[in-house]
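This report is meant for a reader who is meeting the structure below for the first time. It begins with the chain as a whole and then turns to individual residues.

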Amino acid sequence: MRWQRLRRRLRGEGGYSLIEMLVVLVIMGVVMTSLTTVFVTASNSELDMNNRFRAQQNARLALNVFRRDVHCGSSVTLGPAGSPSGPLAAISVTVVLPSGCRSSGTVTWCTEGSGSRFGLFRGGTISGSSCTGGTRYADYLVQPNVFDYTAPSAGSGLLPKVRIDLPVNVKPSKTVEAYELQDNVVLRNGVRA
């Protein structure tokens, strides 16, 4: 009697058929694939956004240090023009710092790179039309010619100034992601015209 009840119970046990299991696996595969695609896309977007933020932040910091040097400088000398040319005149500027500044002597700011990726260096040396050495302050500049110098006109009583233009873009093929910093920095210790 016991055995018969056990047999009836076992015959009444139902399960999933092979077709039902395959349908469930296909549905789960579609759901997991779409979730994985969403996570990978979000991860790539976050990485891209972090790279752009870091490049923009470095450009802002570089501009602040450049301002400090030029504001304290007494005179500047523009270096050579780079290739490809840009809207400004030179790839480097050498600033003469008097003894009252944080550092005295001369400091050279220059760009180095190729194609559409250039870096901005402080303390580099210029040989020919290229910059070597120094501390990299900014990266992902899309043009090498970022400096220009404006001497004041005679009798104007104005101080000389250096123009800097830092166009930053981590992906130059996407022009909508470009970020540009421009400033005219006055040499406070310069000679008035």
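Predicted model: local features only at pLDDT ≥ 70, side-chain atom pairs only at ≥ 80, totals over all residues.

## Order of the elements

The box that the C-alpha atoms of the chain fill, taken along the principal axes, is roughly 120 × 35 × 30 Å.

## Surface, contacts and charges

Of the 193 residues in the chain, 30% are buried. The accessible surface of the chain comes to about 12,000 Å², and carbon and sulfur atoms account for 56% of this surface.

Among the contacts in the chain with a separation of 6 or more, 53% are between residues 24 or more positions apart.

## Aromatic pairs

How many aromatic pairs does the structure hold? There are 3 aromatic pairs in the structure, and one of them joins phenylalanine 66 and phenylalanine 147, whose ring centres are 5.5 Å apart and whose planes are at 35°, so this pair is tilted. Because phenylalanine 66 lies in helix α2 (residues 18–72) and phenylalanine 147 in strand β8 (residues 147–150), the pair ties together parts that are 81 residues apart in sequence. Phenylalanine 66 counts as buried, at 0% relative accessibility, and phenylalanine 147 likewise counts as buried, at 0% relative accessibility.

Tryptophan 109 and tyrosine 137 also form a tilted aromatic pair, with 5.4 Å from centre to centre and 45° between the planes. This pair links distant parts of the chain, since tryptophan 109 is in strand β3 (residues 105–114) and tyrosine 137 is in strand β7 (residues 135–141), 28 residues apart. Tryptophan 109 is buried, with a relative accessible area of 0%, whereas tyrosine 137 is partly exposed, with a relative accessible area of 25%. Taken together, Phe66, Trp109, Tyr137 and Phe147 form one aromatic cluster.

Which strand holds tyrosine 140? Tyrosine 140 has its place in strand β7, and its relative accessible area of 24% makes this residue partly exposed. Most residues other than glycine have a negative phi. Tyrosine 140, although it is not a glycine, has a positive phi of about 65°.

Tyrosine 140 is also one of the residues in contact with alanine 55, which, leaving aside its neighbours within four places in sequence, is in contact with Asp139, Tyr140, Val168 and Val170. Alanine 55 itself is placed in helix α2 and counts as buried, at 5% relative accessibility. Valine 70 is 15 residues from alanine 55 along the chain, and the C-alpha atoms of these two residues are separated by 22 Å.

Is serine 75 buried, partly exposed or exposed? Serine 75, which is found in strand β1 (residues 75–78), is partly exposed, with a relative accessible area of 33%. When residues up to four places away in sequence are not counted, serine 75 touches Thr94, Val95, Val96 and Leu187. For valine 96, the separation from serine 75 is 21 residues in sequence and 5.4 Å in space, taken from C-alpha to C-alpha.

Asparagine 145, by contrast, is placed in a loop, the one between β7 and β8, and this residue is buried, with a relative accessible area of 1%. From C-alpha to C-alpha, asparagine 145 and phenylalanine 118 are 9.8 Å apart in space, while 27 residues separate them in sequence.

Definitions and conventions. Residues numbered from 1 in each chain as written. Heavy atoms only, no water. Buried < 20%, exposed > 50% of the residue type's maximum accessible area, 1.4 Å probe, protein only. Contact = heavy atoms within 4.5 Å. Areas by Shrake-Rupley, 256 points an atom, 1.4 Å probe, with all protein chains shown as cover. Phe/Tyr/Trp six-rings, centres within 6.5 Å; stacked < 30°, edge-to-face > 60°. Helix = DSSP H or I, 4+ residues; strand = E, 2+ residues; numbered from the N terminus.
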